[in-house]
Amino acid sequence: MSQIEIAELNVDLDDQGYLTDHNQWTKEIAVAIAGEEGIIELTDRHFVVIDFMRKEFKETGTGPSIRRLTKQSGVPTKELYALFPGGPAKKAARIAGIKKPEGCI
Amino acid sequence: MSNNNPDAIKKVSIICANGSLEGVYPSLIMANGARMDGIEANIFFTFFGLNALMKKTVNSLKVATVGNSALNMAMPMMGFPITTPFPTLLGAIPGVSNLASWMMKNEMEKLDIPPVDEFLEMISDAGGKIYACKLAMDMFKLKIDDLVDHVDDVLTVGQFYEISAGSSIIFT
């Protein structure tokens, strides 16, 4: 799905493609952004990660570190990288509709 | 969004030749950070850097408190101004290096920076490759069994350059 098609879902993205307001997020948007990131299907395991990231973001105002994500969500590092190939932190944050992660870990 | 910059870094090979706590972490953080962004990453541990891979030393790396002119008393937990020097003679007192290292590890844990063995596992699980230098292994009379399980291979310099094809090489 292209950027324009994502835009048709009435969602505001910043210049790097992250949602500017996480409250606009819907599963439909997640599926659309995932498609653009090359993830054809979002499974239950993807949503374990996405839900955890959204919860963490609402509580702390920032996405979790990878270490926190893997330890707390129960999705191990290997699986996380397999679910979101080519950069899990940023891809998952984008799909989860939260800000681009700022941490180094 | 995928990075469309044609000059974007796709692969890094990081050389770690120091075995102090502050010498090892930059390599680990940079390699892990690369994997987080989908960049291929190799770390090549040589000389005292092997301390980070040895089962016996992996979790007891220390901050250098002697001859470390950059060290100061501001280590957050002490509350001194950052300009207060850390006297090298103080650093030589038995136990001081242990204490400073313990304090630093506590601060790192707060920032979610894992201990060295867990960090190596994390990088390995993330698809990063961990290599030990053959010459340094020979020099220190080490065998692969002396190293933690996450080590992918023992390489010569030539092999390291081979696996580094197309990568940026970073010496930390």
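I looked up the domains of chain B and noted domain 1 (11-59 + 115-172) and domain 2 (62-114), with bounds from an automatic or database domain assignment. This is a predicted model, where local features need pLDDT of at least 70, side-chain atom pairs count only at pLDDT 80 or more, and totals for chains, interfaces and linings use all residues. Residues are numbered from 1 along each chain as its sequence is written, chains are lettered from A and ligands numbered from 1 in the order written, and side-chain values use heavy atoms, with hydrogens and water left out.

I took the domain centres over C-alpha atoms and found 25 Å between domain 1 and domain 2 of chain B.

I then turned to the interface of these domains. In chain B, 10 residues of domain 1 are in contact with 11 residues of domain 2 (heavy atoms within 4.5 Å). The buried area between the two domains is about 780 Å², and carbon and sulfur atoms give 68% of it; this is the accessible area (1.4 Å probe) that two parts lose on being put together, summed over both. I noted that L21(B), E22(B) and Y25(B) supply 60% of the area that domain 1 buries against domain 2, more than any other three residues.

I looked for polar links next. Five residue pairs, both at pLDDT 80 or more, are in polar contact between domain 1 and domain 2 of chain B (N or O atoms within 3.5 Å; within protein, one able to donate a hydrogen and the other to accept it, and residues adjacent in sequence counting only if both atoms are side-chain atoms).
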